Each structure stands twice: as C-alpha cells, then as structure tokens.
Amino acid sequence: MAAACFTAKAADVTSDILVSEVSMTRNGSLMSVAMDLGLSVLDLGMNKATVITPMVVNDADTLMLPAVGVYGRIRWYQFERSGSKPVNGNEQTSLRYAKDMPAFEYRENFPYQEWMNGSQLILMRADYGCAGCNAGTETLADLAGYRDVIYKPVFLFQEAVAEQIKTREIKGRAFVDFPVNKIVIYPEYRNNTHELGKIIATIDSVKNDKDITVTSIFIKGTASPEGPYDNNVYLAKNRTIALKQYVSNLYNFPDDFIKTDYNPVDWPGLREWLESSNIAHRDEILALVNSDIESYERNSRIKKDFPEEYDWLLRNVYPALRHSDYVIEYMIRQFSDVKEIAEVMRTAPQKLSLNEMYLLAGSLEPGSDEYNEVFETAVRMYPNDEAANINAANSAMMRKDYANAEKYLAKAGSGAKAIYARGVLAGLQGDFDNAIRLVDQAQAMGLQADPAIIENLREAAKFAR
C-alpha cells in the first residue's frame, strides 16, 4: 500500500537555469510534477531558442512531459509568423525571453504507473541556433525522485493471562446396556465391553499421564420415555450408581470421588433428534414432547396418535436416549522452561496454557514458520479465546493470509487491540478510510501506540485515495 514522497532541491542554478520548489507527488492514481524555472538567467541571444523538457526516468522506462520553449526576440517573431510552431516540433509552452521575466511555474499531472516507483525527475535542455539547427543538448539530472511510502503496520499482540491452576475436563457418552428392568452391569452383555472400554480409556488417558492429576469424575445417567415414570426414576438412578461402583472398583477411587446425577426421561434428547429430522408428523410429535403433560401420558399419547412413527422411534431412537454422560476433571502442571514447552507443543499441545504458548513464541523469530505455528496451534486449542484469535490474526496478516485473519478477528472481541487489528487489516487491504477510523477508535479506548505507526498509516491513506 503506497503513498507519495519526493526529494527536491530547494533552489539550484544548473547550466543557466534556476530550478526551485521541485516536487514529485502521487495522489492515488495520479502523479504530479511541480517546479519553478528561473529562466531570466539564460541570457538568451536574439536569434536563439532553448527548449527544456522534464522527463520521468527509471532505468529503461521514460516519460517525456510537455516542454517549455524560451525564444529570443527575433526567434519569437519567427515563431509567431510560423503559426506558433514549436522549434522542436513537440508539445510545449512557449515563452518570449526577457531579462526580467518571472519564474515560470511548471505544473503537470499524469497517470501513475508502477515503474515510476523509484523514478527520477530530470531536465533535458536543447539549444537552437539562428539557422534552426540544434546547437547542442544537455541533461540536467538529480532534481527530484519519487518512491512509494510503504504502509508498514506494527502488529500488537495480546498477552494472555497466566492460569494459576490449569483445570481441564474431558466429556464423553457411553451406551451401557442392561437387561430389561435390571440395574446390574454385565460387562459382556451386548456391546458393553466396547462402551465400558470407552470410559476406561478416557480415564486412563489422563490418569496415567505424569503431568496430570485427576480431580473428580461426574456421571449422569438417563432413561428413555417408555414405561412408568417412577420405574424410569428407579432405573436411571440405580443404573448410574451401578456404573459409578463399577468404575470405582477398577481404580479404587474414594466413595465421594465420583459424583452422580440422573434424568428419568431424556425428553431433551428426543426433542433434539426430532428437530433435525423429517419424520412424518414431526411437528405434532414435537408439540407433545414440549407439552407439560405428565411424562408417561406424553409417551402414551405419541404411541396412540402416531403408532407407526412411535414404533420406528422405539426401535431406532429410544435406545440412544438410554445413555451415561461422563465428565472427567483434571489439573495439568505448569511449564516454564522454553525447551520443555517446545517439546510439549510438539507432542501434546493441549497441555499448554495460552500464556505458556506465548512464552514459547517470544523465543522464536517473528514471522518464522515455527513462530506462526505457535499462534495457529493456540487458536486451535482455544478457538473461542479473544487473545488467541487476536494473535492468530496478527500472525496471519504477517504472512499476508488476509482471509484467515478476517476469520480470526470475527472472534476477537471488541477490545482496543481487536479494534486496532481490524484497522491494520483494513489498511493492508487498501481500505485506508476504515483503517484510520478503527485505529482512532482503538486509541480513544486507551490503546497506546507509537505515533510513528499512526503517521505512517495517515501518510499512506492521504495519497492512496
């Protein structure tokens, strides 16, 4: 993203021409050249003419701008008699020479082209004698130069708050089968080996880790709607207790280590399934599910009014409503050594807090693949954390991945650094009006930023419109 800049000589006498107030500027797609030409010092003979042609030059690329022709007294008369035909045949502004003539204010606008970045403004002078011949040419260089002001955003990362205690949890669901009206667990009954194995594997995944301490387990059992409500209460409650005892016996947990709860009828689960289904009479069945009719009567009404649908639900949906949801809570130890954090990041990033990840990032080269991977991993591990999203957006912008930056900033919240980051993204995408508005808003919210950062943005915006 570019804006204009120029270098200029305040005043210079070069080969009998006084050149001052020289500038090359850019305003969006338009370039401008301005200078004052002091021509009275030419001491031009009556039969002579001088043509001064400004040129924009960058290596092999050249743009010749309209020239200025200065004519001695006799050559001026010849110029007028020829129908104002320029002595060199090219477009020019023609002036009659006088020793007291004022400085000529040269102003010219023309479309900007990419090659003009880094270009130089020079003057070519051609002198013509009395017979119309070219008496000689001279190039007057180093008058002014143009180079884009590059928008160079500074990315402000959000520091994560250190966790004093790193508590985490794992959630799961098991479908442990019981014989009809039984509350005793049979590990080999139907698919129980697999379902009980899921719970055991989840517990083992943290319990056997030297960096982790399991702090509690919670199990909640549910029953499906068929059958009397009191019987469902009995089954849901006692089957949950049986599962608790089964797990406790495997690990020798204390009696109060595993907490339990139960839901006699999983109406919410049935409601969720119906809402996403296209079963016949879905809305009517949903109305019954959502009603305040007594639970057993609710199920009986569905069975009576919609027998075909009920039979299908009983065989295909109700079994999934008999489940045990479990939550395993645990603590992870703190990591402070950068080398150890790097190893954990490689093997088990879920053990790291945001603060630990940013500690690692601080030891890496900004913009490197390893540096960017830290922030990408952080936002994967903590997808809804505002700091993680701000920092991932900054990392994405550093590598010009503006699509992902925009995605992350949508979840970065409304704090000052999030607003500032959105301003940076707008500037990188060329929307400088919005960029300035957002950066100003962030400053009004108390964001502390180097004034040079803001000045660079404003300069880029000024000439990019």
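Residues are numbered from 1 along each chain as its sequence is written, and side-chain values use heavy atoms, with hydrogens and water left out. In this predicted model, local features need pLDDT of at least 70 and side-chain atom pairs count only at pLDDT 80 or more, while totals for chains, interfaces and linings use all residues.

**Pockets**

Pockets come from a 1 Å grid over the protein atoms alone: a pocket is an open set of points where a 1.4 Å probe fits, with protein on both sides within 12 Å along at least five of seven lines. Lining residues have an atom within 4 Å of a point. Grid points are joined across faces, edges and corners, and a volume is the space filled by probe spheres set on the points.

The largest pocket has a volume of about 600 Å³. Its lining holds 26 residues, and Phe178, Ser224, Glu226, Arg239 and Arg322 lie nearest the centre. Two elements, E15 and helix H3 (229-251), each give two or more residues to this lining. H3 has the largest share, with six residues. Helices (H or I, at least four residues) and strands (E, at least two) are DSSP runs, numbered from the N terminus.

The lining of the largest pocket divides into 11 nonpolar, 10 polar and five charged residues. Here Ala, Val, Leu, Ile, Met, Phe, Trp, Tyr, Cys and Pro count as nonpolar, Asp, Glu, Lys and Arg as charged, and the others, Gly among them, as polar.

The second largest pocket has a volume of about 170 Å³. Among the residues that line it are Arg173, Asp266, Trp273, Asn316 and His323. Helix H4 (residues 267-275) gives the largest share of that lining, four residues. By class, the lining has five nonpolar, three polar and three charged residues.

**Helix H13**

H13 runs over residues 416-428. The expected span of a helix is 1.5 Å times one less than its number of residues. For the 13 residues of H13 that gives 18 Å, and the end C-alpha atoms are 18 Å apart, which agrees. Of the 13 residues, 11 are buried, so H13 is largely enclosed by the rest of the structure. Tyr420, Val424 and Leu428 are among the buried ones. Gly430 follows H13 and has a positive phi, near 90 degrees.

**Single residues**

Burial is set by relative accessible area: buried is under 20%, exposed is over 50% and partly exposed is in between (1.4 Å probe, protein chains only).

| Residue | Relative accessible area | State |
|---|---|---|
| Thr53 | 6% | buried |
| Thr215 | 36% | partly exposed |
| Asn252 | 67% | exposed |
| Asp59 | 74% | exposed |

Thr53 sits in strand E6. Contact means heavy atoms within 4.5 Å. Not counting residues up to four places away in sequence, Thr53 touches Met64, Leu65, Ala67, Ile122, Leu123 and Met124.

Thr215 belongs to strand E15 (residues 212-222). Leaving aside neighbours within four places in sequence, Thr215 is in contact with Phe257, Glu329, Tyr330 and Met331. The C-alpha atoms of Thr215 and Pro451 are 50 Å apart, with the two residues 236 places apart along the chain.

Most residues other than glycine have a negative phi. Asp59 has a positive phi of about 55 degrees although it is not a glycine. Asp59 lies in the loop between strand E6 (49-58) and strand E7 (61-64). Asn252, also not a glycine, has a positive phi of about 60 degrees. The loop between H3 and strand E16 (258-263) holds Asn252.
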